[in-house]
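The sequence and structure come first.

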Amino acid sequence: MNSGYTVPAIALVVVTTVLVGAFGLRISRTTSDFYVASRTVGPRLNAAAISGEYLSAASFLGIAGLVLTQGPDTLWYPVGYTAGYLVLLLFVAAPLRRSGAYTLPDFAEARLASRAVRRLAGAFVVGVGWLYLLPQLQGAGLTLAVLTGARDWLGAVIVAVVVTATVAAGGMRSVTFVQAFQYWLKLTALLVPALFLVLAWQSDGGPRHAFTEPAGLREQRAVRVADTLTLRLDRPLTVTVTGTVDGRPHRKAPLTLAPGPHRIHAGTRLTFADGAPVPVPEGSAASDRAREERPLYATYGLIVATFLGTMGLPHVVVRYYTSPHGVAARRATVAVLALVGAFYLLPPVYGALGRLYAPDLALTGNADAAVLVLPDRMIGGLGGDLLGALVAGGAFAAFLSTASGLTMAVAGVLTQDVLPSRGVRHFRHGTVLAMAVPLAASVLVGSLPVADAVGLAFAVSASSFCPLLVLGIWWRRLTPPGAAAGMLAGGGAALAAVTATMAGYPGAGPVHALLAWPAVWSVPLGFLTMILVSLATPGRVPPGTAAILARFHLPEELRAEVTA
Amino acid sequence: MPQDPTERRVVVTGPPRRARRTARPHHPRTEIDELTTLGDTYVRSLMRTQLRTGLTVLAVLVLLVGPLPLAFAAAPGAPALTWAVLGFALYAPLVLLARWYVRRAERHERDFVRLVEDR
């Protein structure tokens, strides 16, 4: 692929991000500016900022890649990412804003008057934030590597440096402008190429088999398998092999593989005949394998995790504190649903076209790159290069915006609860620390299954923060011991379950599916533990509960007198 | 006007009318400000109304989305249905549900303010 236009496009996005951030720096003066933009962000700007922040590498690249390899059932991911905002609107949005706290730990402390619960919530915020930052940095590495052939870590380092600089320099206000700008950039970067790709598809005769059949190659194509994988064939497959299949070396040998599993070793070249269906390798991520074994259970696990997990994602929650009042927070959420929903109409288009024109990506282990390579494959020439550069710029906008939101949230917790004293200078130290840990992890650990890391973040958030927020806002008898026990039981169990599956324990069977998609049982576990322990410790209900709940739920017009 | 030497200045006393209007007993807003039992009852009623609206929309969402995976599993021969529903058709109902909820929630709050300010 021609990188002559890609590098300037990425550079342009990075420079614009820094400039828009610097525009915020000029008006970011006080501590309140730093954390919550002095609470003056209107619903429209805030909605664009929330959406820009939310649409991450997983949305921009990951959904099309998942659709390419695993078919339309994975479209539950974008549906869940969107519907999560509806659940957040119903039970959390306005009261969360009216609680007047800066971060999730602030909310926990204000509601329960307990330093211990505050610290526990802070630990979960940092954990979920770091888990979510890791795939952003790896996505940046993948994009730069696929498009320009750069080293894997270079993209991650660029994103880390730009985000740390923007957040540390301008804080929340500048991040608000950056995020809002990046939503529109991301939408354009997917929409314009999608229009051209659909035109190219129509002039190609509009083949439809991607919707009904397994992805098939339309022309003879040689595929180099990057990582060792297992193919499970339903019918015999004839390929020309150079490399190692099932432990036997071959050299330009025509081979007919019988139905059943076959192990293809790394570095093997497979040349497929014209029109041959591309076999889809077994999922490498533990959650994908569980999905193949128990598809229905995995789908419900995904629905519960995304519908309920969105409200507890630290970079989503922190944005609600920047609304001027509860009514604006609600209206911003409706606008977010519309903006995010409009964006999610596009990745399935890339996924479907990817099944038609780039199905070999599933074999090379680069399915996430489908969005990036389609313009070159389908249009080619100067037009393909320019559209490819636009998509690459949009992908970098996705990494930058989500990473800055997460860094903002994690740095806020680190500054307030971990580092010795408060203040703007310490916020800057916190920012560096917030980004250094996931950057080191992504460079050292190498490629972790991205879908697992994102799924884990949602499942942990749904099992710990969702019970805390919903019960904290609507239930008077919640006690500090109950909240702590519920977060530990639900979030801890979800964390342990997914860590166990990622480490490879138990390899198959019903227990494996239960552990790989824990939300179905860990969310009820979190809620039940929180309720039962609270009921068992009725003496520990914080004395100010009635006044605090009144503040959460009363319209602001009445509130001035209440707090005065 | 005839002058009557016996005429005097008379001071009429009584509770000031303005004060009487604002400090009426059992005024809801005062109750809420002072967080008395009655004020607490007002807040609880607002919370119950809002929670009921939220749960109604959640129930609609569950009924809308919950059976879909089962339906897709029951009709594996129609992947076009999965594409159309998950890729396109679900988003508009989500936005409409959200708009309906926000209208209801804001109306409840306006009614509540009118009630306690006795306008």
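## An enclosed helix

In chain A, helix α15 (residues 347-357) has 11 of its 11 residues buried, so it is largely enclosed by the rest of the structure. A residue is buried if 20 or more other C-beta atoms lie within 10 Å of its own, exposed if 12 or fewer, and partly exposed in between, with C-beta atoms placed from the backbone. Among the buried residues of α15(A) are P347(A), P348(A), R355(A) and Y357(A). Helices (H or I, at least four residues) and strands (E, at least two) are DSSP runs, numbered from the N terminus.

This is a predicted model, in which local features need pLDDT of at least 70 and side-chain atom pairs count only at pLDDT 80 or more, while totals for chains, interfaces and linings use all residues. Residues are numbered from 1 along each chain as its sequence is written, and chains are lettered from A and ligands numbered from 1 in the order in which they are written.

## The two chains

Two residues are in contact if their C-beta atoms, placed from the backbone, lie within 7 Å.

From the N terminus on, the elements of chain B run α-α-α-α-α-α.

The contact between the chains takes 41 residues from chain A and 38 residues from chain B. On the side of chain A, the elements that give two or more residues include α5 (76-91), α12 (295-309) and α14 (326-344). That side divides into 30 nonpolar, 6 polar and 5 charged residues. Here Ala, Val, Leu, Ile, Met, Phe, Trp, Tyr, Cys and Pro count as nonpolar, Asp, Glu, Lys and Arg as charged, and the others, Gly among them, as polar.

## Nonpolar core

A nonpolar core is a set of buried Ala, Val, Leu, Ile, Met, Phe, Trp, Tyr and Cys residues joined through C-beta atoms within 7 Å. The largest one has 215 residues, and those with the most contacts inside it include L86(A), V159(A) and A98(B). Helix α9 (residues 152-203) of chain A gives the largest share of this core, 20 residues. Not counting residues up to four places away in sequence, V159(A) touches Q136(A), L137(A), A140(A), F399(A), L400(A) and A403(A).

## Helix pair α5 and α12

The axes of α5(A) and α12(A) come within 6 Å and cross at roughly 35 degrees. Axes are lines fitted to C-alpha atoms, for helices over the stretch in contact, and angles run from 0 to 180 degrees between N-to-C directions. The crossing of α5(A) and α12(A) is right-handed, where a crossing is left-handed if the near helix is turned anticlockwise from the far one by less than a right angle, and right-handed if clockwise. Residues of α5(A) including W76(A), G80(A) and V87(A) meet residues of α12(A) including T299(A), I303(A) and F307(A). By class, this contact has 9 nonpolar, 5 polar and no charged residues.

## Two single residues

A113(A) lies in the loop between α7 (104-112) and α8 (115-148) of chain A. Phi of A113(A) is near 50 degrees, a positive value in a residue other than glycine. Most residues other than glycine have a negative phi. A113(A) is partly exposed, with 15 other C-beta atoms within 10 Å.

L532(A) sits in helix α23 (residues 519-536) of chain A and counts as partly exposed, with 14 C-beta neighbours inside 10 Å.
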